[in-house]
Amino acid sequence: MKRPVTTLFMLMSVDGKISTGATDNLDVDKDFPKIDGVKEGLNQYYEIEQTTDLWSFNTGRVQEKMGVNEKPLPSKTPVSFVLLDNTHLNENGVKYFCAKSKEFVLLTSNKNHCAFNVKEENLHIFYKENFSLEEALEYLYSLGCERLTVQSGGTVNSLFLRKKLFDFVDIIVAPVLIGGKDTVTLIDGKSLTSETELSGLGVLKLIDCKVLKDSYLRLRYEVVK
């Protein structure tokens, strides 16, 4: 299968949480800047984020939380954005990413998605009723995407993991413990329930460990199995 080289790039707490709570109004991007002892080093994550791949994968649900459905249209960037979405984006949200992206790719299994009403030259829609992440990555490769940074939620991250579609993991660890069994973690989705499923584990080789300022860490791994 010809597909992009993928890197999972995320900001998480020491206990692996990528959100500050179990509801959509709690979010690390919104909440970490308010927390003494965490906010001081947060800029390092955003600086590193600017150096990631020029193709970026996310979800409509995450972007809805970020308010793109109501935001004014932004200026063009050199980044091509890929969003997996069925119902969370409205037409403004789609147009927002068309305005922001070099190329904007929407992945969906919803034949009635509002993106079909948007006519922009840089909009590409990959629609399959029976959605396949492998086929979607092949489609991205056909558009010229050779390297892809994944910054989606724990459930979608688990799909990449179980399908063995991660090549690298690049994690910024913030000096905080969040807790909560219903709070989203780096990898959620269905848990393993038997020894026969252990082949679905992601086995990693550490390729770099860097201590950042203000007790932050950057951990970089290659997925070897």
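## Strand β2 and its partners

Strand β2 and strand β6 (147–150) run parallel and are joined by two bridges, where strands are said to pair if DSSP finds at least two bridges between them. Helices (H or I, at least four residues) and strands (E, at least two) are here DSSP runs, numbered from the N terminus. The model is a predicted one, in which local features need pLDDT of at least 70 and side-chain atom pairs count only at pLDDT 80 or more, whereas totals for chains, interfaces and linings use all residues. Residues are numbered from 1 along each chain as its sequence is written, and side-chain values use heavy atoms, with hydrogens and water left out.

Strands β2 and β3 run parallel and are joined by five bridges.

## How β2 is enclosed

Five of the five residues of β2 are buried, so this strand is largely enclosed by the rest of the structure; buried means under 20% relative accessible area, exposed over 50%, and partly exposed in between, with a 1.4 Å probe and protein chains only. In a regular strand the side chains alternate between the two faces of the sheet. In β2, Trp55, Phe57 and Thr59 point one way, while Ser56 and Asn58 point the other way.

## Helix α6

The buried residues of α6 are Gly154, Val156, Asn157, Ser158, Phe160 and Leu161, and they pack against β1, β2, β3, α5 and β6. After α6 comes Lys164, whose phi is positive, near 55°.

Thr20 lies in the loop between β1 (5–13) and α1 (28–31), and its side chain makes a polar contact with the side chain of Asp31 at 2.4 Å. A polar contact is a pair of N or O atoms within 3.5 Å; within protein, one must be able to donate a hydrogen and the other to accept it, and residues adjacent in sequence count only if both atoms are side-chain atoms. The side chain of Thr20 also reaches the backbone nitrogen of Asp27 at 3.2 Å.

Phe32, placed in the loop between α1 and α2 (43–49), is buried, with a relative accessibility of 1%. Not counting residues up to four places away in sequence, Phe32 touches several residues, including Leu11, Thr20, Val38 and Ala174, where contact means heavy atoms within 4.5 Å.

## Salt bridges

By the rule that a salt bridge is a side-chain nitrogen of Lys or Arg within 4 Å of a carboxyl oxygen of Asp or Glu, the count comes to ten salt bridges. Asp170 forms one with Arg218, the closest N and O atoms being 2.6 Å apart. Asp170 lies in strand β7 and Arg218 in strand β9 (residues 217–223), so this pair ties together parts that are 48 residues apart in sequence. Both Asp170 and Arg218 are buried.

The side chains of Asp31 and Lys30 also meet in a salt bridge, at 3.1 Å from N to O, and Lys30, Asp31 and Lys34 are linked in a network of salt bridges. Asp31 is buried, with a relative accessible area of 10%, whereas Lys30 is partly exposed at 40%.
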